[in-house]
Amino acid sequence: MDKAINRQKVLLQHLNPSSFSSNDSSSTSLNASACLAGDSAAYHRTAAFGDDVVIVAAYRTALCKAKRGGFKDTHADDILAPVLKAVIEKTNLNPSEVGDIVVGSVLGAGSQRASECRMAAFYAGFPETVPVRTVNRQCSSGLQAVADVAAAIRAGFYDIGIGAGLESMTTNPMAWDGSVNPRVKMFEQAQNCLLPMGITSENVASRFGVSRKEQDEAAVESHRRAAAATAAGRFKDEIIPVSTKIVDPKTGEEKSVTISVDDGIRPNASVSDLGKLKAVFKKDGTTTAGNSSQVSDGAGAVLLMKRSIAMQKGLPILGVFRSFVAVGVDPAIMGVGPAAAIPVAVKAAGLELDDIDLFEINEAFASQFVYCRNKLGLDSQKINVNGGAMAIGHPLGATGARCVATLLHEMKKRGKDCRYGVISMCIGTGMGAAAVFERGDSVDELCNARKGDNLFLSKDAR
């Protein structure tokens, strides 16, 4: 700020009329001062325009039902490699320019999954000079990977990076490995970290009064929207077809296939049909297989870089990374995480909830999705407009990257009527994560205005 004021003073010295003498009572002085817009600015630019972290490509595989779907016989590294290859090939980027690849993954054994991700990078054509690492923040791992890359670019560690996500729930089912520390019994919150996710869903439903009917209706709507989006081809720009094989479990016969469509969507789902399903986790409960997220296999990848680099390369900008937060909540009701995280992320971007045009909120369970939507007072027509995890699927580590691809491609389709988007999810053991993105072509170096009838920087000027 001091440097800016000094520059103003130099400029004003040139603007002050030289004919005015210092003792002339009619002289008019011009003074430099700091801008007082403060918190009323639409968002605060903390760096030069060219230093914005932008997304130039975001792709995903189709999401397939674990153990029964299109990727049931596909190795995890073979699921990840196609999306890593796509972000390079479709942008004509030299893979050696990538500073790091960060992959979110949850269930795969640490060292093995890290090795698989490194192997996938080689399959995709990356040279040995490009490093790879994994990150695990449970269901937000894919989004965390994107945020980690954005943070590293902002810190100057490198200019170009890939945030990705991978999960093969066929290969790595959810299970606890080894014994549990008996000390956990002395700490209620620590003990609640071990609750089955379905029990936390039941806790949310009972504590906040989310009915079975509301949950089933949310699930049906998710399937309806996902089916409509698929039929209209709205996912085609984000899905990378994967050539693989399907093995007949009875004969062992292998069949070559290309997987390009999410295979868990049920276009004919109805509230009456879902109402016949029994609760899974609690007698007389409300959480069923029909109003929970699907157990899935899939991957996604997001290519980020400094805006100045993207401009030099002539790459179209799909989105701008504006903010990210992770927050903690009560582990017993971990599903409320988005309701806690979204307002913090939006405020960090200098925005208000009303400024957000689209939301991708992971539907881990209908109970927590409905609660978060109602708690924040969000317009249902802005949330998961192409369906969510109850229909499309929830491959834990890949979901965040999948949501980035889905959100940014949808924002691009909507154009000038859609400027800001939010991605959020709850996180096992009691957390929530959220990130704010801006449509890539919605801002230039000088424009910082909110939507409306004017172009004022300050919302107070409305």
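A disulfide is a pair of cysteine sulfur atoms within 2.5 Å. In general terms, a disulfide is a covalent bond between the sulfur atoms of two cysteines. The structure described in this report is a predicted model, and by the rule just given its count of disulfides comes to zero.

Cys139 is buried, since its relative accessible area is 14%. For the sulfur of Cys372, the closest cysteine sulfur is again in Cys426. That separation is 7.1 Å, so it too is too far for a bond. Cys372 is buried as well, because its relative accessible area is 1%.

Which residues touch the most other members of the largest nonpolar core? They are Leu80, Leu84, Phe126 and Ile162, in a core of 52 residues. Helix H2, which covers residues 76-89, supplies the largest share of this core, namely nine residues.

The surroundings of Leu80 can be listed in detail. When residues up to four places away in sequence are not counted, Leu80 touches Val103, Cys117, Ala120, Ala164, Gly165, Leu166 and Ala299.

Val103, one of the contacts of Leu80, belongs to one side of strand S3. Strand S3 spans residues 100-104, and five of its five residues are buried. In a regular strand the side chains alternate between the two faces of the sheet. In S3 both faces are covered: Asp100, Val102 and Gly104 are buried on one side, and Ile101 and Val103 are buried on the other.

S3 runs parallel to strand S5 (residues 160-168), to which five bridges join it. Within this pairing, Val102 stands opposite Gly163. S3 also runs parallel to strand S4 (residues 132-135), here with four bridges. The bridge partner of Ile101 in S4 is Val132. Between S3 and S4 the chain passes through helix H3 (residues 110-123), and this β-α-β crossover is right-handed.

## Strand S1 and its neighbours

Strand S1 (residues 53-60) is also mostly covered, with eight of its eight residues buried. Seven bridges connect S1 to strand S8 (residues 296-306), and the two strands run antiparallel. Ile55 takes part in both pairings: Leu304 stands opposite Ile55 in S8, and Gly319 stands opposite Ile55 in S9.

| Strand pair | Bridges | Direction |
|---|---|---|
| S3 and S5 | five bridges | parallel |
| S3 and S4 | four bridges | parallel |
| S1 and S8 | seven bridges | antiparallel |

## Helix H10

Helix H10 comprises 12 residues, 337-348. From its first C-alpha to its last, H10 reaches 17 Å, which is close to the 16 Å expected at 1.5 Å a residue.

Which residues of H10 are buried? They are Gly337, Pro338, Ala339, Ala341, Ile342, Ala345 and Val346. An α-helix has 3.6 residues a turn, so residues three or four places apart point the same way. The buried residues of H10 pack against several elements: strand S9, strand S10 (358-361), helix H11 (366-376), strand S11 (420-427) and strand S12 (431-439). After H10 comes Gly350, whose phi is positive, near 75 degrees.

Lys375 is located in helix H11. Is Lys375 buried or exposed? Lys375 counts as exposed, because its relative accessibility is 56%. Although Lys375 and Pro338 are 37 residues apart along the chain, their C-alpha atoms are separated by 9.9 Å.

## Positive phi outside glycine

Two residues other than glycine also have a positive phi. For Lys67 the value is near 70 degrees. Lys67 lies in the loop between strand S2 (64-65) and H2, and its relative accessibility of 51% is why Lys67 counts as exposed. Thr429 has a positive phi of about 80 degrees, although it is not a glycine. This residue lies in the loop between S11 and S12. Thr429 is partly exposed, because its relative accessible area is 26%.

Technical notes. Residues are numbered from 1 along each chain as its sequence is written. Side-chain values use heavy atoms; hydrogens and water are left out. A nonpolar core is a set of buried Ala, Val, Leu, Ile, Met, Phe, Trp, Tyr and Cys residues joined through side-chain atoms within 4.5 Å. Buried means under 20% relative accessible area, exposed over 50%, partly exposed in between (1.4 Å probe, protein chains only). Contact means heavy atoms within 4.5 Å. Two strands pair if DSSP finds at least two bridges between them. The expected span of a helix is 1.5 Å times one less than its number of residues. A crossover is right-handed if, with the strands pointing away from the viewer, the path from the first strand over the helix to the second runs clockwise.
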